[in-house]
Amino acid sequence: MKLAKTYFADERNDDFSEIGQPLPRTDLRGHVTGRTVYFADRTFPGMLYLKMVRSPHHHARILSIDTSEAEKHPGVVRILTAKDVPQNLYTILILIQVGPEDEHVLAEDKVRWKGEAVVAVLAETERAAQEAAAKVKVEYEVLEPVLSIEDALKPDAPIVNEHHGRNYYLYDSGECRKIRFGDVEEGFAAADHILEETYQSSPIEHAPVETTGCIVVPEANGRFTCYTNTQAMFFTLDNASIILQMPGHRLHMVGGTVGGGFGGKVDVIVEPIAILAAKLTGRPVSFIYTREEEMQISSPRAAEKIVIKDGVMRDGRIVARKVTAYVDAGAYSRHSPYGAQKAAAHFPGPYTIPNVWIDSYCVYTNRTPSSAMRGFGVTIADFALEVQMDKLARLIGMDPLEFRFINAYRDGDMKAHRQPTEGAALIECMQEASIVADWPVDERFMAMSSRVREG
Amino acid sequence: MAWKRGRGVAAINYPTGMNLGGDPTQALVHSTPTGNFMVTLSSVDLGQGLRQVIAQICAETIGVPTEWVTVDTADTDTGPHCMGTFASRGTHRVGNAVIRAAQEARQVMLEVAAEELEADAADLETDGKGNIHVKGAPSLSISIFETALAAHFKHGRSISGRGMFLVPRSYPETETGAMKPSTCYAHACTVAEVEVDDETGEVRVLSIKNVFEIGRALNPKMVEQQLIGGSWMGMSHALYETTEPYYPVRDHGARDFNEYLMPGPGDIAETEIVVLERPSGDGPFGAKGPGEMCANPQIPAIANAIYDAVGVRVDTLPITPERVLRALRAQQAAA
Amino acid sequence: MAKIAVQFTLNGSERAEFVESGSTLLSVLRDKMGDTSPKAGCRQGSCGACSVIVDGELTLACLTLAETSNGKDVRTAAGLSSGDVLHPLQRAFEEEFAAQCGFCTPGMIMAATVLLERNPNPSREDVIEAISGNICRCTGYEPIIRAVLAAARSNSVAA
């Protein structure tokens with residue numbers, strides 16, 4: 001790695017003793033000797049294992065649940081269904097007033113995605129829990145599923161989630177988060193070329209080597225210690241407190257080193273049910289996702305569909321950009337309404353465009369709920385934006401790197417979401433890339449600055 | 001039929017911290033009787049090394065060597081509230097809270113030292129090695145060890161501080177979407193070079209050259225490891241990863257690491273990293289969040305390089321050999 | 001459930017436990033013997049985080065029945081250093097910043113240990129081959145490859 005200190009040197013004071021030093025990471029000693037403690041590196045006497053009975057259907061009504069055979073299975077201690085959960089209906093972001101509550105800890109009337117948790121089985125061994133889970137009988141009436149963004153938004157589509165009553169999240173701005181800046185139709189009318197393209201992605205898994213999980217220990221003083229690999233300790237505590245209708249002072253979350261997160265461990269899924277199980281059995285409870293659960297049950301990065309329409313001039317200026325983006329949230333909100341909103345703010349990319357129109361939708365389908373992942377709301381947007389930039393450059397016969405210099409934002413430029421640009425450094429990154437990658441650009445671009453507009 | 005080369009570029013920015021703000025983090029700092037410092041948090045270290053960078057931030061602020069600082073975190077009984085480790089907010093939000101707590105602790109430390117030296121606290125400075133002295137008069141000096149002992153046993157003072165950092169929440173304007181998503185942005189530009197087998201659709205990434213602007217590299221070795229790993233993940237997203245390869249069809253879902261594809265050690269590209277630093281106005285020592293954006297620019301850069309190599313566009317992720325091959329067939333059919 | 005005896009040498013010490021029939025070496029090491037350095041990343045042999053060395057062979061502890069290790073020599077990452085003196089691989093992983101979350105690190109170091117025991121001067125390709133059964137999600141592998149090569153160099157200098 002090279003630190004290119006010549007850029008912005010006048011804006012920096014590099015006179016530090018600890019900051020900027022490549023000091024060794026003190027936690028690496030534990031990593032290389034195998035002594036770093038992760039949440040699952042603990043065993044407790046009498047610990048029970050929790051296994052979920054999950055929906056085999058994308059969309060179905062639950063007609064009956066029969067746990068009698070499973071209860072007789074050797075080693076089974078307790079079986080939990082929706083009626084055992086004090087506040088079964090929840091949504092994670094209710095803590096920051098992003099509602100409505102739309103998800104059940106254990107499914108009640110319906111299942112809305114293949115893999116949804118229906119019944120929790122607690123047994124003395126993992127094997128007994130697994131075997132007993134297979135003996136739980138759930139009778140379903142299969143309903144028509146909605147599996148794609150396009151199907152979800154059809155006028156006669158079945159409703160995925162009754163708590164929303166429609167197959168998209170309703171923002172204060174309506175069916176999508178909107179950005180309106182300048183007059184995009186006027187921009188298109190004035191443009192030399194118009195290019196409209198559609199970009200898509202499939203769900204992506206965080207795939208940390210350590211799967212999601214927790215171990216809960218009921219303490220003698222009536223409190224519950226929850227050893228967890230959550231990425232957000234109080235988020236987990238506060239949501240568990242609501243779901244369990246248990247005062248927060250009875251909950252103690254202990255984290256430590258997490259074996260990779262990448263956004264996959266900010267949903268509060270395993271802790272509330274494991275704490276409830278520990279409460280109802282009075283015994284320590286371990287609930288750790290299998291690798292298959294991590295891959296197919298834990299929230300992935302959403303599939304997205306992004307339509308970009310641009311108006312561009314022969315001289316390289318983009319004069320209008322309209323983006324319609326759809327995030328496939330799956331069956332429940334989790335963090336997706338936030339992600340779709342973040343995407344809206346991120347468009348139209350790090351470029352100064354006078355006329356911008358953004359519609360960003362959070363769409364519900366009968367799929368595994370998606371949620372946060374590294375680059376939430378932005379990663380797929382950047383793929384779409386930057387491939388579009390390449391296409392635009394080639395459309396007008398311009399070098400793709402030079403084309404980006406022409407449109408790059410500078411300090412003081414007004415962004416589409418109406419914040420003036422500050423601290424821009426896109427141009428300098430591109431100048432350095434031009435050198436490092438031996439991709440020469442015209443000298444007028446190498447003379448540009450993010451801090452002032454020439455002329 | 002041949003391997004054909006191409007290169008592509010992408011340039012991006014990334015907002016630091018939870019979008020629209022409203023995501024507080026608090027920190028507590030106190031000294032032990034012998035002048036070591038404890039930082040108490042509830043923030044989570046996901047493996048990116050949050051504890052190490054927080055120790056360096058605290059040490060710099062107080063004026064002691066980093067090894068004198070211990071970070072105790074991820075316990076809701078002892079650590080004050082933190083919104084969590086996500087949205088590239090760890091270094092920025094937690095770092096700022098720790099700076100404020102450390103400044104308050106430092107102030108008490110200097111007041112105690114001032115009493116011991118019979119000087120004015122405003123005239124004192126630290127040497128970063130564990131001593132406090134009067135500015136311009138290095139001989140009028142007291143060690144932090146002695147200062148902490150005096151604070152505890154003689155002055156009855158707590159060398160401690162509380163820190164809080166909160167970017168006020170912004171609410172988007174309904175009709176226009178006017179809002180303040182973030183207070184500072186990191187930047188990147190990536191050039192990828194690929195080889196595409198026009199017979200099989202297979203893509204090899206030959207090199208990835210990344211330039212990242214991250215405000216300040218607080219620990220350059222840790223920045224480097226994060227950026228190299230991120231660059232790999234970007235390449236992985238571009239060409240390999242999905243839980244459902246035929247989305248929206250739900251079949252063929254990957255269940256394990258044999259079915260969920262990622263580039264292995266034999267598939268990695270030659271990777272180059274350059275870091276620029278334009279300090280942010282509100283970051284700890286100017287730092288921005290590098291953790292997420294470092295995995296983004298490789299994806300479009302690789303997509304653009306594939307087009308440059310064989311003249312086909314695959315606008316759906318991941319860009320699998322099957323998709324490249326289908327696009328090549330369509331191209332041939334059209335010709 | 002019926003219990004069976006397992007007995008083997010773990011990092012130089014003789015160890016014995018009664019365990020449930022069908023227990024894996026991974027669960028016996030972690031839950032019975034308190035050596036949590038092998039990690040359970042998938043428990044189906046696809047991630048390598050549970051890698052240990054049995055009679056000199058790199059072994060996935062999650063797919064190994066504990067009883068098949070009877071009488072054998074089992075080594076884990078926890079037994080690699082002697083006191084404060086790190087194994088050259090451990091030192092190299094630290095110096096090259098070849099770990100982030102650290103969850104794959106013990107298994108990765110086990111794979112590299114077997115490589116260096118058999119081939120003290122490996123090429124880059126040899127290292128890639130040796131660690132190809134171990135998944136890392138954080139580092140992008142390059143720092144790990146560098147660390148293994150650096151450890152090999154430091155070994156040959158010492159020898």
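Q: What distance lies between the C-alpha centres of domain 1 of chain B and domain 2 of chain B?
A: In this predicted model, those two centres lie 39 Å apart. Domain 1 of chain B covers 3-16 + 182-334, and domain 2 covers 25-165.

Q: What makes residues of domain 1 of chain B and domain 2 of chain B count as in contact?
A: The test is a pair of C-beta atoms, placed from the backbone, within 7 Å. Here 13 residues of domain 1 of chain B are in contact with 13 residues of domain 2 of chain B. On the domain 1 side, five residues are nonpolar, six are polar and two are charged.

Q: Which hand does the crossing of H6(A) with H7(A) have?
A: H6(A) passes H7(A) in a right-handed crossing.

Q: Which residues of H6(A) and H7(A) meet?
A: From H6(A) come Thr236(A), Asn239(A), Ala240(A), Ile243(A) and Leu244(A). From H7(A) come Glu271(A), Pro272(A), Ile275(A) and Leu276(A). By class, six residues of this contact are nonpolar, two are polar and one is charged.

Q: What makes Glu271(A) a charged residue of this contact?
A: Glu271(A) is one of the residues of H7(A) that meet H6(A). Glu counts as charged, along with Asp, Lys and Arg.

Q: How many residues does each domain of chain A give to the contact between domain 1 and domain 2?
A: Chain A is divided into domain 1 (48-143 + 207-296) and domain 2 (177-204 + 300-446). The C-alpha centres of these two domains are 38 Å apart. Domain 1 of chain A gives 17 residues to the contact and domain 2 gives 17 residues. The side of domain 1 of chain A has six nonpolar, seven polar and four charged residues.

Q: Which strand gives the largest share of the side of domain 1 of chain C that touches domain 2 of chain C?
A: Chain C splits into domain 1 (3-79) and domain 2 (88-158). Their C-alpha centres are 22 Å apart. The contact takes 13 residues from domain 1 of chain C and 12 residues from domain 2. Strand E3 (residues 51-54) of chain C gives the largest share of the domain 1 side, three residues. That side divides into eight nonpolar, four polar and one charged.

Q: Which helix gives the most to the side of chain C that touches chain B?
A: 19 residues of chain C are in contact with 19 residues of chain B. Helix H4 (124-131) and helix H5 (142-158) of chain C each supply at least two residues of the chain C side. H5(C) gives the most, with three residues. The side of chain C that touches chain B has 11 nonpolar, seven polar and one charged residues.

Note on methods. Residues numbered from 1 in each chain as written. Chains lettered and ligands numbered in written order. Predicted model: local features only at pLDDT ≥ 70, side-chain atom pairs only at ≥ 80, totals over all residues. Left-handed = near helix turned anticlockwise from the far one by under 90°. Helix = DSSP H or I, 4+ residues; strand = E, 2+ residues; numbered from the N terminus. Contact = placed C-beta atoms within 7 Å. Domains from an automatic or database assignment.
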